[in-house]
Amino acid sequence: MSSLPRPFDASRIPRVDAVGIDERAASLAKRSIKKKSKEQGIRLAISMLDLTTLEGKDSEGKVRQLCQKAMHPMPGDPTIPSAAAVCVYANFVAVAKDALGASGVKVASVATGFPAGQVPLPVKLDETRRAVAMGADEVDMVIDRGAFLSGEYDRVSSEIRQVKEACGDAHLKVILETGELETYDNVRKASHLAMAAGADFIKTSTGKVTPASTPGVVLVMLEAIRDHYLETGRRVGMKPAGGIKTSKQALHLLVLVKETLGDAWLTPDLFRIGASTLANDLLMQLVKESSGRYQNEDYFTKD
Amino acid sequence: MDLEVRKTYKLYVGGDFIRSESGRSDPMETTGGDFFANVSRGSRKDLREAVRKARAAQTGWAASSAYLKGQILYRMAEMFEGRSGSFEEILRQTRGVTAAAAKREVRASIDRLLHYAGWSDKYTALLGTVNPVASSYFDFSLPEPTGVVGIVAPEEPDLLGLVSHLAPVIVSGNAAVVLLSQKHPLASLEFAEVLATSDLPGGVANLISGRKDELVPHLARHMDVNAIADAGGDRALSKAIGEDAAVNVKRVRAYRIADYFAEDAQGLDFIESFVEIKTTWHPIGV
Amino acid sequence: MARVIEEASETKPRPSAWERERPALEFGSAWDYAPAPESRDHVRLAERYDLFIGGRFVPPKSRKYFATINPATEDKLAEVAEAGAADVDAAVKAAQEAYQRRWSKLKPAERGKYIYRIARLLQEQSRELAILESMDGGKPIKESRDVDLPLAVAHFFYHAGWADKLDYAFPRKTVSPIGVCGQIIPWNFPLLMAAWKIAPALACGNTVVLKPAETTPLTSLALARICQEADLPPGVVNIIPGAGETGGALVSHPGTRKIAFTGSTEVGKLIQRATAGTGKRLTLELGGKAANIIFEDAALDQAVDGVVNGIYFNQGHVCCAGSRLLVQESVIDTVVAKLEHRIATLRLGDPLDKNTDVGAINSKMQLDRITELSGYGESEGARMYQSSCKLPEKGYWFRPTFFTGVAQSHRIAREEIFGPVLAVMTFRTPDEAVEKANNIPYGLSAGVWTDKGSKIFKITAKMRAGVVWANTFNKFDPASPFGGYKESGFGREGGVHGLRAYVELS
């Protein structure tokens, strides 16, 4: 018989000073990323993209087009890496899997009643199992924010553990929905809770609530991942999502990762960026770097 | 002969130049009796809109740093200085003052604005206190802006009077709704252009021309105005303001300034009247 | 039971952060930042600078010039006039004349307008002056651009507004200026220190003769040019570069009625002795050995960030640097590990590279001193940790360093090193922390890190230091008074309190 998991001890979670962490994030934003490092950073960011479509109006056609973009972000330039994954509703896992073939681009499915998560647990688990059965490589789940904010930490933990189990071999990303948690202390607490419960990745937001991924929030989560790693030896990944539109923001995220967690995390296996329109800004900046000319949107595909 | 493009003088509300929703206007004449311009006859609905915009702008304005507020008022003085000629012209034409008197008033107005720009990061040190209470508490008192302040501007001097009452109200983080001099609103409406080009967020200062007897009661009775600076100089109106203001316990400060050019027409007390003092206690102990 | 006995007889010291098997973070070269140099081409640099006296640049009667170099490259930047006794005399006379003839007769609001002009001009030329500052002194462009220049500008703006409001600062007193002020400033924040001295002096109606440090005269001379551009009446501000002798002549000149000095405690004491009995007003802002105290209930990641900023900012050339770190023993391993990680990402190198965090040491002399004092750390048995960053071939450099296992009786815990070297020691109770923090002749600043509000107020109240930072460090503002207790000096700069040194009250 396996031992029961330890109840979550919120009092052991380190505190966060909001002013201090915002200052740290702002000072890292001053890193000037130029020339070769800018080009490298942009390519790295492209390879870390989870190209996302999570709309009520999504259809098979839309998802197939997104997959095409993920595999070939810039038609005619095979040196541009593919995105890391596409992120879609569970309904479209099969379609995406078919469209992506053997390209290496992964299929991430949201599940557990995304985005609000206000559905009964059995439904959440069923959705998870179905997504995985249809071929999802990764599952992005949402935590129960209501339970978290009422202090029912063990319930939140337990749900995550059960979803993780339902994932089987698929990787689990746990969405904290930081905009609803509001305080950095809550974000830090939720991060540790999720990691202790088995998350492979912790993710900021569903993208449906603002504020979503801010530099301060990302830094809080990276610091939580660092402490978790130092304590357990296990590397957990991080995924900011929501509100990331420009190359400048993407490069800033990479700086935060590099200077908080170091080299090991600068890979799509441990860092993803959830975005939809970011891809084109990354491509425009890349072309501007090589040509020296500011670019126009018409020259980049909108799928 | 080249025809000049005449100016339309509009109200300044929420950072925009708008016509009165009433569609009505009053003609202004030069002292010689010639037509000079039409001026919007502001209505109570314009006033209502101005208060709404003021309230919306006030929190953000109050939250900005003292340094930034000072920079903005300083920029306002720069913009003002750059256009001093056009202000002197308006004063000469509409109030019939000499060129020297107009110059003197514009100069004094710019200096007054500069004076308050320099207060933004100092009044807190003078009005705030740390209080030596007898128990083990860290006890401090800080001034905070009261919120939305209605200003009844003096009839004359219109320009210097406007600046003398507007600047001390906004420098501490309040938003203002000003009922301009009824007889001489033009220099004040021109001043709105200085406000608009100064980086002052829209809604922090709102200028409304019109008839005071129509507008003042609505300002005094408005439930979302926190205080009134009454420099209108009309005893009957002042009494009514005092009575109407009681409806939501507005802070009312009446001014009877004989000489706006004098030293005592500016200073810390003009700021102090429109701040609230908040006292906080916190235990001292390990 | 047996295990307990075993532990009790354990005589080996507990392994520390490095020795234990612990997962390691690697801050290596995956995705290196490319050089991001700030362009120098719009910086106006003359080959030779004269003294600024009476509103003009005049050659020194001493006929002497000295070279000022770039400590990151050891290249000569320019030749600068050295003021001799006769030059000091000319400057003081120019300041006296300006005071009597023009400055004291101006309406206070008009004085304020001149100071506003200087603020605006400085603001407009910020980028150029920031680069000049980094070239002359060695500090990273990121700091001169984002800290030194904006604060210098803010000081002028702040004090401009006081010129016509002095009566409010001293109610029931008649306020008048003192006259000619002699001001001597150090090399760690050259332009900012000039602003801290000149702005309040002028606002209160005085005129000044200022001597910048001999290794960093250029930005003060640029400020002189700005005074010309502002049409400041000639003689109100005079800038006379030179070394110790020039400073001595300024201090002892009968025409200077007030002396303001920022620099080492050693020289401060000499000046105090020299001015005794002369009736001259004096303020001193001297050295420090500030303690940062981290309690176990602090927000630890931010505390470590604050500590790192507190000692490695400006290469540790800061009088109020947090050069001692007191950590509650229960969290020492965690804190040390985090310090190690942070140091691993500090970038040392070309001050004009926008990504540089730690710049050059200001001079060979200072580098030698840091090296010597740091050597005591090792020889007295503290354990050293140093970043492994590469040092450029030319120039003066010292890697960010910290020592653990430090005790009060270590030299590195008592003497001001004025470099990027941190001494780390532990404490067990709040009373012990307070006692250790105060147990030093200095008293300029201190830092307290805890998440508990009441503890903040209790501990900060007990710190014998003129500036106490709670859950932050190295924060400055013209509205906030700054100055020391004990041998860190007396008098305050900034805020209402800072005006006191520059007025006569009756």
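1. Let's start where chain A meets chain C: the contact takes 31 residues from chain A and 26 residues from chain C. Two residues are in contact if their C-beta atoms, placed from the backbone, lie within 7 Å. On the chain A side, the elements that give two or more residues are α1 (18-28), α2 (35-47), α10 (215-232) and α11 (247-260) of chain A. Helices (H or I, at least four residues) and strands (E, at least two) are DSSP runs, numbered from the N terminus. The largest share of this side, 6 residues, comes from α2(A). By class, the side of chain A that touches chain C divides into 12 nonpolar, 7 polar and 12 charged residues. Here Ala, Val, Leu, Ile, Met, Phe, Trp, Tyr, Cys and Pro count as nonpolar, Asp, Glu, Lys and Arg as charged, and the others, Gly among them, as polar.

2. A word on what you are looking at: this is a predicted model, in which local features need pLDDT of at least 70 and side-chain atom pairs count only at pLDDT 80 or more, while totals for chains, interfaces and linings use all residues. Residues are numbered from 1 along each chain as its sequence is written, and chains are lettered from A and ligands numbered from 1 in the order in which they are written.

3. Now for chain A as a whole. Its secondary structure comes to 12 helices and 8 strands. The radius of gyration of chain A is 19 Å, close to the 19 Å that the globule rule gives for 303 residues, so chain A is as compact as a globular protein of that length. That radius is taken over C-alpha atoms, and the rule is 2.2 Å times the number of residues to the power 0.38. Along its principal axes, the C-alpha trace of chain A spans about 60 × 45 × 30 Å.

4. Have a look at one helix pair inside chain A. Helix α7 (residues 153-167) of chain A and helix α9 (residues 184-196) of chain A pack at an angle of about 45°, with their axes 9 Å apart. Axes are lines fitted to C-alpha atoms, for helices over the stretch in contact, and angles run from 0 to 180 degrees between N-to-C directions. The two helices, α7(A) and α9(A), are therefore oblique to each other. Angles under 35 degrees count as roughly parallel, over 145 as roughly antiparallel, 65 to 115 as roughly perpendicular and the rest as oblique. Tyr153(A), Val156(A), Ser157(A) and Ile160(A) of α7(A) meet Leu193(A), Ala194(A) and Ala196(A) of α9(A). By class, this contact has 6 nonpolar, 1 polar and no charged residues.

5. Chain C also touches chain B, with 22 residues of chain C in contact with 19 residues of chain B. On the chain C side, α3 (108-124), α5 and α15 (453-462) of chain C each give two or more residues, and α15(C) gives the most, with 6 residues. This side of chain C has 13 nonpolar, 5 polar and 4 charged residues.

6. Finally, the domains of chain C. The domain assignment, automatic or from a database, gives domain 1 (48-286 + 485-505) and domain 2 (288-470). The C-alpha centres of these two domains of chain C lie 30 Å apart. In chain C, 21 residues of domain 1 are in contact with 28 residues of domain 2. On the domain 1 side, α4 (126-137) and α5 (141-160) of chain C give two or more residues.
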